Structure formats: C-alpha cells, structure tokens
Amino acid sequence: MALMLLGIPVALAQQEELKAVQLYSQDELIRMINDNTHLDRVVTDECQLVQDIEARAETMMIPAYQFLWGDMLAWGVCVKAEPERGVHFMREAALQGLPPALEQLGRYYAKGTLVQQDRDKAVMFLREAAGLGNLKAQIQLAELFIQGYGSPYDYQDAYHWLHNAITDDKQTHQKIAHCLTELEKLMHPKAVRQAKRSLDS
C-alpha cells in the first residue's frame with residue numbers, strides 16, 4: 001500500500017514534482033523573443049532547461065537558441081552573468097540573420113548598452129533587421145536617420161518600409177507617423193513618391 005503525503009500517495013506526489021518542462025519549438029521561441037517574454041519564460045520554467053538551451057546554442061548553433069543563451073548570459077538569467085559571452089552569442093545569431101538579434105544589437109550600439117556606443121554600427125545592424133521586416137528596427141533606423149546618422153541613400157528604403165507598416169498599437173502608429181513626417185523633410189519629393197509604392201510593387 002502506497003504511503004500517503006497530505007492525503008496524496010507519495011509516488012503521485014513525486015510524479016507531480018518531477019514534471020518535465022518541454023523544450024521550446026523554434027517557432028514558439030521566436031514568438032517569445034518577438035514579444036520579449038523569452039527570459040521571463042526561462043525563469044517561470046524554474047531554469048530547468050539551461051543545459052538544453054546551452055547545447056542548442058553552442059553545439060547545434062540554432063540562431064534563436066544562440067540569441068536566448070546570449071541574453072541569459074548577458075543579464076545573468078539562470079546562469080552567472082557573462083556579458084562578453086552573451087554579446088558574442090547574440091552576434092552569432094545576428095550573423096545567421098535572426099532579425100531580433102540584429103535589432104537588439106543595433107539598439108545596444110545605439111544606446112551604449114553592454115557595448116560602447118557606436119551609432120554607425122547601430123545603423124548597420126538595424127538596417128539588416130529592418131530589411132528583414134523587423135518593425136522595431138525600422139522605427140529605430142528612421143529615428144537614427146532623423147538624428148543625422150547613416151546614409152541619405154537609405155532614407156527611401158526606411159520611408160518605404162514604414163509607409164507600408166501595419167500595426168494595431170496606437171503608440172507604435174504615432175511613432176511611425178512622426179518618423180514619416182520627419183523623413184519627408186530630409187527627402188526629395190520624387191524619392192518620397194517612389195517610397196510610397198506598395199511592398200509588392
């Protein structure tokens with residue numbers, strides 16, 4: 001006869017305690033990264049997946065996991081903080097073309113977070129992420145152009161992406177409208193007309 005623990009058989013209580021956390025699918029992880037909930041999720045899962053995340057980042061070199069692992073190392077989430085290694089893994093994910101990694105590195109270089117402030121590098125990373133459809137990067141890139149960084153040759157692309165952006169967030173919508181107004185002041189009217197073409201044209 002099974003021993004009882006608070007009215008629950010011990011074997012059953014142990015099963016509940018040992019319930020394994022499923023590893024995130026690539027799509028699920030990218031959704032969490034886009035929503036900026038990936039670090040919270042690792043903590044919510046009681047840091048059970050640290051070794052699996054590390055293996056997928058370091059051995060299998062899966063970009064979304066490289067980004068997650070880099071973020072964990074950078075900020076000491078479930079592991080000892082190692083900002084240098086963290087940025088290295090973010091950069092590895094960016095080199096494989098992961099838009100959130102490109103956007104985050106661009107933002108870090110723009111603000112001087114973890115790295116030395118370098119707005120030319122910020123433009124480079126944000127330009128790549130923006131071209132891959134990352135709306136946060138498109139807005140930040142336009143803001144840097146408005147502040148005088150980057151090349152005027154890229155203004156038309158930035159305007160084109162934002163003109164065709166779709167969002168249901170009012171604050172983001174206002175930011176986009178502001179960026180378009182300010183970019184127009186820096187552009188030739190003909191370039192503005194061309195930038196207003198639809199995405200599929």
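Analyst: The crossing of α8 over α9 is left-handed. Keep in mind that this is a predicted model. α8 covers residues 119-131 and α9 covers residues 135-146, and the two pack at an angle of about 140 degrees with their axes 8 Å apart. Angles over 145 would count as roughly antiparallel, so at about 140 degrees this pair is classed as oblique.

As for who touches whom, α8 brings R119, A122, V123, L126, R127, A129 and A130 to the contact, and α9 answers with A137, Q138, Q140, L141, L144 and F145. Sort those residues by type and you get nine nonpolar, two polar and two charged.

Now for the other helix, α2, which runs over residues 26-34 and has L29, M32 and I33 as its buried residues. Looking down the axis of α2, those buried residues fall within an arc of 100 degrees, so they line one face of the helix. What do they pack against? The partners of the buried residues of α2 are α3 (38-44), α5 (63-75) and α7 (99-111). After α2 comes N36, and its phi is positive, near 60 degrees.

Note on methods:
Residues numbered from 1 in each chain as written. Predicted model: local features only at pLDDT ≥ 70, side-chain atom pairs only at ≥ 80, totals over all residues. Heavy atoms only, no water. Axes fitted to C-alpha atoms, helices over the stretch in contact; angles between N-to-C directions. Helix = DSSP H or I, 4+ residues; strand = E, 2+ residues; numbered from the N terminus. Parallel < 35°, antiparallel > 145°, perpendicular 65-115°, else oblique. Left-handed = near helix turned anticlockwise from the far one by under 90°. Contact = heavy atoms within 4.5 Å. Nonpolar A, V, L, I, M, F, W, Y, C, P; charged D, E, K, R; others polar. Buried < 20%, exposed > 50% of the residue type's maximum accessible area, 1.4 Å probe, protein only. Arc of directions from axis to C-beta.
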